Amino acid sequence: MKSLSPTSLLPSFPQPSNGLSSDRKITTSAIFHLAVAEDLITQAPYSRPVLSGSSKNLCRKFRGLKLWLHENLNFQWPNMKHEWKNEFKILPIHDKDELLDHSKASHEKKVFQGSLAAILSNDYNGGKESSLQPEGNSLTYVQPSNARRVNVVTESPSCSSTQHAETSALNFQFDKPKKIGASMTSPLSLRQTKSSSINVQDGRSNSLSIAVIGATGELARRKIFPALFALYYSGFLPENVSIFGYSRQKLTDDELRSMIASTLTCRIDQQQNCEDKMDDFLRRTYHLNGGYDNREGMSKLSARMEQVEGEFGANRIFYLSVPQEALLDVASSLADNAQSQKGWNRIIIEKPFGFDSRSSHQLTHALLSIIEEKQLYRIDHLLGRNTIENLTVLRFSNLVFMPLWNRNYIRNVQVILSEDLGMQIQSRYPNGYGIIGDIVHSHIFQTIALLAMEPPVTLDGEDVRNEKVKLLRTIRKLEPSDVILGECTPTPGGKGDAKLEKATPTFFAAALYIDNARWDGVPFLIKVGRGLIKHKVEIRIQFRDVPGNLFHGHIQHNINLTTNELILRDVPDEAILVRVNNKIPGLGIHLDASELNLLYKDKYSVEVPDSYEQLLHDVIDGDNHLFMRSDEVSAAWNVLSPVLHELDNENMVPEQYDLGGRGPDKAVYLWAKHGVRWLDD
């Protein structure tokens, strides 16, 4: 029999320099020599391995190992569609609910490495040197003192097809693990993980169940169900999606379907097969009467979900469209009785996120005691507008704006939200803080944070949130002297409610400052009100005057000509406007302030999605950058706390203004105090 040459089977290892061990890679077959056939191999330190034994014995062991791997390990490598991220970042977007910090990822990787080495050693070395022992809910490898350490590595998906074929088998590396973008777990832990979107048994994708808690309420009927249908029609929901309506009413599935059918519409630009899609969506909609015991009701909901989902993996989203006083009971019952054990769980809650700093802290503490921060999505529908989504694009993808975005070029920033309709004051503002908690705390402060934050490391949701909270913490606490509050006086027999016993702000104007190097001394002026003369939502960025302007004699005191502006308008008619000075055609020099106008309805022939549609799409994708994190909520309340304290002590009294007016007269003096004229008027 022809003898085998050791050099033909085993690679050579480079000699390490300076006495330090190096990263030494060997092929799959080579690692099997080391892990399986230790009785056939001897190796002195820093020397070439020496093969002993017959070729017949060696080949028999390799054939047995190959068969064992196919039968027992059942490896299922995920489809690497997403970009690799460093090991401290999140998993691909469909796995975002199960974020692994560095220590946890390392621990799970070691469990897998140990498990693999232990099984190999146990099966092929007589089971004498290693064993698997239970530790908590996982299996821990007890490594013998003389065992070699084996670490799993993976290659970048940017490799060529040839490289991919070569690395699709197991690759191993000694001593130092290579950084990877996705955590590697054992077959057992892959089946148990709550973040996996692929079923390990047969490779099918996890189903998605969406439960609307409070399904018969106005918000659910008018906004949530239509948004879900729009996503389904547009192909943004998986084929194996199911919608569950949960309420206290005794409704059948067909009765719920009939209730919401009248609110479902297809977009003007997407009318093809609309009726068929609507019927298919309604067939996937179910109702469950939860009764008045939420714990029992959530158990019934979970059982119904499991019945529809089957035995395969399932992810779940719970939209809590419930009154504030019922939120904690519903969330606690859900967390204990309705979470999926075969996929991720995400929970959406509506504002208000507390009524002040103290109540917000209590609410946050209670929620985080039953669910994790990564599962919690605090939704504010105003943040789902396309103008808000466009802020980061405008700032960080246009070189023309990036160098101007600081105190050297920007004189002031104005954030305006005014509504011309009356409002149900009693139902909207039960606590006396009115529009402050309803709009200012969330929408206005989040808009300013996105507008003024530093560039994030990536567009990952947590990176964006990190920069937002940094910005919010640098906002100076509001001085009562820099705040104007107003209260709309309802017209007799008009659209407003009767006046409340306690004054409730429906108008808020303020000047705030950001104490950092980029924005030092730049006033951010806020104007938010209901029952005003017109409906307008926009951001105005006014630039400083041109130093040594050669055309000063032609401008003189015309403020419109001295001020360049960037206007991001949401309502009416979404647009981006840039106000510049130019020469009027004709003899002589006459200047005019003109607007370079990007009007969305003229440029794009698509219907803009509803804000709920946008935000629900983000929740499904696990994109949380438009949802406030707990530290953001706390930082925003901290800025407002002096004003709320003055309101509580009745040291600040909202000024009355008529429905359909311009708001309190004192607001004009506040702008003048900070050297600003409101050009929107």
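Which residue does the side chain of arginine 411 meet in a salt bridge? I looked this up in the model, which is a predicted one. The partner is aspartate 545, with N and O 3.6 Å apart.

**Entry 1: the pair in its setting**

I noted where the two partners lie. Arginine 411 belongs to strand β14 (residues 410–419), while aspartate 545 sits in the loop between β18 (536–543) and α17 (552–555). The pair thus links distant parts of the chain, 134 residues apart. I then looked up accessibility. Aspartate 545 has a relative accessible area of 42% and is partly exposed. Arginine 411, at 23% relative accessibility, also counts as partly exposed.

**Entry 2: other salt bridges**

I recorded a count of 31 salt bridges. One of them joins the side chains of lysine 223 and aspartate 610 at 3.6 Å, N to O. Lysine 223 lies in helix α7 (residues 218–233), and aspartate 610 lies in the loop between α19 (600–603) and α20 (611–621). These two residues are 387 places apart in the chain. Lysine 223 is partly exposed at 30% relative accessibility, and aspartate 610 is partly exposed at 31%.

I next examined glutamate 372 and lysine 374, whose closest N and O atoms are 3.1 Å apart in a salt bridge. Is lysine 374 buried or exposed? Its relative accessibility is 16%, so lysine 374 counts as buried, the cut-off being under 20%. Glutamate 372, at 42%, is partly exposed.

I also found a network of salt bridges that links Glu462, Arg465, Lys468, Arg629, Asp631 and Glu632.

**Entry 3: helix α22**

I turned to helix α22 (residues 666–673), in which Ala667, Leu670 and Trp671 are buried. Why do these residues lie on the same side of α22? They cover an arc of only 100 degrees around the axis, and therefore share one side of the helix. The face turned away from the buried side carries Lys666, Val668, Tyr669 and Ala672, which are exposed. I asked what the buried residues of α22 pack against. They pack against β15 (483–489), β16 (507–512) and β17 (524–530). After α22 comes glycine 675, with a positive phi near 70 degrees.

**Entry 4: nonpolar cores**

I noted that nonpolar side chains tend to be buried together in soluble globular proteins. In this model the largest nonpolar core has 121 residues. Which of its members touch the most other members? They are Leu301, Leu320, Phe445, Phe508 and Phe524. Helix α15 (residues 435–452) gives the most to this core, with eleven residues.

Leaving aside residues up to four places away in sequence, phenylalanine 445 touches Val440, Leu472, Leu512, Ile526, Ala636, Val639 and Leu640.

**Entry 5: confidence**

I ended with the confidence of the prediction. The mean pLDDT of the protein chain is 75, and 64% of its residues reach 70 or more. Over residues 1–47 the pLDDT is below 50, and this stretch has 87 contacts in the model beyond near neighbours in sequence. For residues 75–196 the pLDDT stays under 50 as well, with 202 contacts beyond four places in sequence.

Conventions:
Residues numbered from 1 in each chain as written. Predicted model: local features only at pLDDT ≥ 70, side-chain atom pairs only at ≥ 80, totals over all residues. Heavy atoms only, no water. Salt bridge = Lys/Arg side-chain N within 4 Å of Asp/Glu carboxyl O. Helix = DSSP H or I, 4+ residues; strand = E, 2+ residues; numbered from the N terminus. Buried < 20%, exposed > 50% of the residue type's maximum accessible area, 1.4 Å probe, protein only. Arc of directions from axis to C-beta. Contact = heavy atoms within 4.5 Å. Core = buried A, V, L, I, M, F, W, Y, C linked by side-chain atoms within 4.5 Å. pLDDT = per-residue confidence, 0-100.
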